[in-house]
Amino acid sequence: MSEEVQAENNTRGLLSGIMIILFSALLSTIFFGGFFTLAYVKHMPYGRMQAMLLQVTSILFTVVLTQYLSRKIQGDKLKFMQGFLGGWLASLVLAIFINSFYTIFSKITGAALLPQGAFAMVLMLYSAIGIFVSLVFALILKKE
């Protein structure tokens with residue numbers, strides 16, 4: 001009987017982890033898209049510095065929110081590896097969502113935002129930054 005309950009809790013934990021990752025990445029994509037669209041509509045300068053600042057802020061928000069929600073759902077417990085991998089996966093999902101946003105935005109406005117083959121570059125950038133951010137915050141937020 002106890003094994004059945006434990007197996008049920010593990011399944012719920014896995015599904016809640018995936019939902020947390022998707023929720024965090026979606027919120028961060030909305031944040032990113034809102035600021036990007038605002039800069040486009042208001043004809044504000046949007047150079048490399050602004051783009052990098054917005055991307056890093058989005059990754060930070062996604063990773064921290066993922067790890068924080070994972071910790072709260074599990075009763076204030078978060079293992080290092082779980083926090084690290086969850087945050088890193090959230091940054092990868094964010095990269096996919098951001099690429100989708102760029103594609104939709106460029107179809108609507110007609111502006112070519114990304115060159116051909118940029119999906120891999122954005123995925124690698126978000127993965128690299130996500131690894132380091134996730135590592136730091138997993139160390140900070142871990143609690144067993």
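**Core, rings and a surface patch**

Trainee: Where is Gln-55 found?

Mentor: Gln-55 is found in helix α2. Keep in mind that this is a predicted model.

Trainee: Buried or exposed, that Gln-55?

Mentor: Gln-55 counts as buried, because its relative accessibility is 10%, and the cut-off for buried is under 20%.

Trainee: What is Gln-55 in contact with, leaving aside neighbours within four places in sequence?

Mentor: Gln-55 is in contact with Phe-32, Tyr-102, Leu-125 and Tyr-126, once neighbours within four places in sequence are left aside.

Trainee: Which residues have the most contacts inside the largest nonpolar core?

Mentor: Phe-32, Phe-36 and Tyr-126 have the most contacts inside that core, which has 19 residues.

Trainee: Which elements give two or more residues to it?

Mentor: Helices α1, α2 (48–73), α3 (80–109) and α4 (118–141) each give two or more residues to the core. The largest share is from α3, with eight residues.

Trainee: Changing topic to rings. How many aromatic pairs does the structure hold?

Mentor: There are 14 aromatic pairs. One of them is Phe-36 with Tyr-46, an edge-to-face pair at 4.9 Å centre to centre, with 90 degrees between the planes.

Trainee: Why does that pair tie together parts that are apart in sequence?

Mentor: Because Phe-36 lies in helix α1 and Tyr-46 in the loop between α1 and α2, the pair ties together parts that are ten residues apart in sequence.

Trainee: Is Tyr-46 buried or partly exposed?

Mentor: Tyr-46 is partly exposed, with a relative accessible area of 30%. Phe-36 is buried, at 7%.

Trainee: What about Phe-36 and Phe-101, how do their planes sit?

Mentor: Phe-36 and Phe-101 form an edge-to-face pair, 5.7 Å centre to centre, with 90 degrees between the planes. This pair links distant parts of the chain: Phe-36 is in helix α1 and Phe-101 in helix α3, 65 residues apart. Both Phe-36 and Phe-101 are buried.

Trainee: Which residues do ring pairs link into a cluster?

Mentor: The cluster linked by ring pairs holds Phe-32, Phe-36, Tyr-40, Tyr-46, Phe-101, Tyr-102 and Phe-105.

Trainee: Next, Ser-70. Where is that, and is it buried or exposed?

Mentor: Ser-70 is in helix α2. With 12% relative accessibility, Ser-70 counts as buried.

Trainee: How far apart are Ser-70 and Gly-86?

Mentor: Ser-70 and Gly-86 are 8.4 Å apart in space, C-alpha to C-alpha, and 16 residues apart in sequence. As for contacts, Ser-70 touches Ile-20, Lys-77 and Leu-78, leaving aside neighbours within four places in sequence.

Trainee: Which helix gives the most to it?

Mentor: Helix α1 (residues 2–41) gives the most to the patch, with four residues.

Trainee: Take Leu-26, then. Why does it count as partly exposed?

Mentor: Leu-26, which is in helix α1, counts as partly exposed because its relative accessibility is 46%. Partly exposed is the range between the buried cut-off, under 20%, and the exposed one, over 50%.

Note on methods. Residues numbered from 1 in each chain as written. Predicted model: local features only at pLDDT ≥ 70, side-chain atom pairs only at ≥ 80, totals over all residues. Heavy atoms only, no water. Buried < 20%, exposed > 50% of the residue type's maximum accessible area, 1.4 Å probe, protein only. Core = buried A, V, L, I, M, F, W, Y, C linked by side-chain atoms within 4.5 Å. Contact = heavy atoms within 4.5 Å. Phe/Tyr/Trp six-rings, centres within 6.5 Å; stacked < 30°, edge-to-face > 60°.
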